[in-house]
Amino acid sequence: MFAPVYFDHNATTPVDPAVVEAMLPYFSQQFGNASSRHEYGRAARRAIDEARAQVAAAVGAHASEVVFTSGGSEANNLLLKGAAACLRPGLLAVGAADHPCVLRPAEQLARRGWNLEKLPTDPAGRIDRERYAAVMARKPKIVSLLLANNETGVIEDVEPLAASARAAGAWFHSDAVQAFGKVPLDFRRLNGCGVHALTLSAHKMGGPKGAAALILDKRLELEPLIAGGGHERGLRSGTENVAAIVGFGVACQLAIERRAALASQLDRLRTQLEEGLVAFGGQIFGLAAKRLPNTVYFAFAGVDGETLVGHLDRAGYAVASGAACSSANPEPSHVLRAMGVADELARGAVRVSLGRGNTEEQVAGFLATLRSTVDRLQRLTAMAV
């Protein structure tokens, strides 16, 4: 079976074998419903409690602050819509370069009477500080900003931003899905600065799809998206996905144990990749900012990103395009637009996101293939002109 080299870990990661092993009994022998009173149910509840403690420990939170959800999108929607339902409509501020699972619910709230402000970034991909200060002066009620951008890998220094939001009287949330497992996270410290909630997801760091969490300051009142039997402190009703939650907990434990070594490995591979890209004319986005150690977002003049991704896939390398394209309406990345990148260059954006299984040999092979592919596509573009 043909298996391309996988360079798309920001999209999802392979489930770690130790995680799979931990999950397996909860598909068969330990199949109980955690709400049941008998031993099968009690065993499921103990497993969830252990996983909750593991997730909390991974980010310096208390287990009572962990609310399990089905994914990062649900957690973000729960925070934004749940908080908005408990407040009078007012000003809601989100990053213009945030993930669609923040932007779309924010836009829904705008149609329900909220005043939505999409905060621009500077050319490096960080929130524009002057504009942010001006928005804080208008006393927003809710602020939500990515901790690390899923496309560029740019890491936002949320502590001073959260402190400003707290001074303005706002609830502050940060989607930390991409940061989780790659950089240290300390919810107690962040909470002390004014961060009231963090979103985490299992499948971005060696865990299964279908498990995520909202780390929530218990002073923040939310209306649940899903009402029912009162699971997750009444904030997320529904029979728990015990196997996935167990896998999430084990993935968190492994991520903490491996984080320093993994960061060093990824940083070394990223340096090798970026030096190669620059050597033959690649433009790297967010280069002036602090970024995740695994993420490189780049483009070549005159080369379409979707086309390049397709050629690389056929050559044996799985990477991601930065464009949300359809044949009728090709749109460049909203992240790059927020950074002020010209549409023509933004349409060429390609993201490589490295992971634990990647090697220097794979990066070297990728660079060689990329160079020949870009040369060929640029010659074709020149001929067409």
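Analyst: Two strands are said to pair if DSSP finds at least two bridges between them. The elements themselves are DSSP runs numbered from the N terminus, helices (H or I) having at least four residues and strands (E) at least two.

The model is a predicted one, in which local features need pLDDT of at least 70 and side-chain atom pairs count only at pLDDT 80 or more, while totals for chains, interfaces and linings use all residues. Residues are numbered from 1 along each chain as its sequence is written, and side-chain values use heavy atoms, with hydrogens and water left out.

The open sheet is built from 7 strands with mixed pairing, in the order E2-E8-E7-E6-E5-E3-E4. Its edges are formed by strand E2 (66-69) and strand E4 (115-119), each of which pairs on one side only. From one strand to the next, the twist averages 20 degrees; axes are lines fitted to C-alpha atoms (for helices over the stretch in contact), and angles run from 0 to 180 degrees between N-to-C directions.

Two of the pairings can be followed in detail. Strand E3 (residues 91-95) pairs with strand E5 (residues 142-146) in the parallel sense over 3 bridges, and valine 94 stands opposite serine 144 in E5. E6 and E7 are likewise paired in the parallel sense, over 3 bridges, with serine 174 opposite leucine 198 in E7.

Burial is described by relative accessible area: under 20% is buried, over 50% is exposed and anything in between is partly exposed (1.4 Å probe, protein chains only). E7 is mostly covered, with 5 of its 5 residues buried. In a regular strand, side chains alternate between the two faces of the sheet. In E7, Ala197, Thr199 and Ser201 point one way and Leu198 and Leu200 the other way, and all are buried.

Helix H3 (residues 72-84) lies across E2, E3, E5, strand E6 (171-175), strand E7 (197-201) and strand E8 (212-216), at about 35 degrees to E8. Contact here, as elsewhere, means heavy atoms within 4.5 Å.

A further helix, H4 (residues 100-110), contains glutamate 107. This glutamate 107 counts as buried because its relative accessible area is 18%. Its side chain is joined to that of arginine 104 by a polar contact of 2.8 Å. A polar contact is a pair of N or O atoms within 3.5 Å; within protein, one atom must be able to donate a hydrogen and the other to accept it, and residues adjacent in sequence count only if both atoms are side-chain atoms. Leaving aside neighbours within four places in sequence, glutamate 107 is in contact with Leu116 and Lys118.

Strand E9 (residues 283-284) pairs with E10 in the antiparallel sense over 2 bridges, isoleucine 284 standing opposite phenylalanine 298. E10 also pairs with strand E13 (residues 350-353), in the antiparallel sense and over 4 bridges; here tyrosine 297 has arginine 351 in E13 as its bridge partner.

The loop between E8 and helix H8 (242-279) holds glutamate 232. Most residues other than glycine have a negative phi. Glutamate 232, not a glycine, has a positive phi of about 50 degrees, and arginine 233, in the loop between E8 and H8, has a positive phi near 60 degrees. Glutamate 232 is buried because its relative accessibility is 8%, whereas arginine 233 is partly exposed because its relative accessible area is 44%.

Points are joined across faces, edges and corners, and a volume is the space filled by probe spheres set on them. The count is 1 cavity of 30 Å³ or more. The largest cavity holds about 110 Å³ of space and is lined by 15 residues, with Asp98, Gly125, Leu146, Asn149 and Glu156 nearest its centre.

Key: On a 1 Å grid over the protein atoms alone, a cavity is a set of points where a 1.4 Å probe fits but cannot get out, and a pocket is an open set with protein on both sides within 12 Å along at least five of seven lines; lining residues have an atom within 4 Å of a point.
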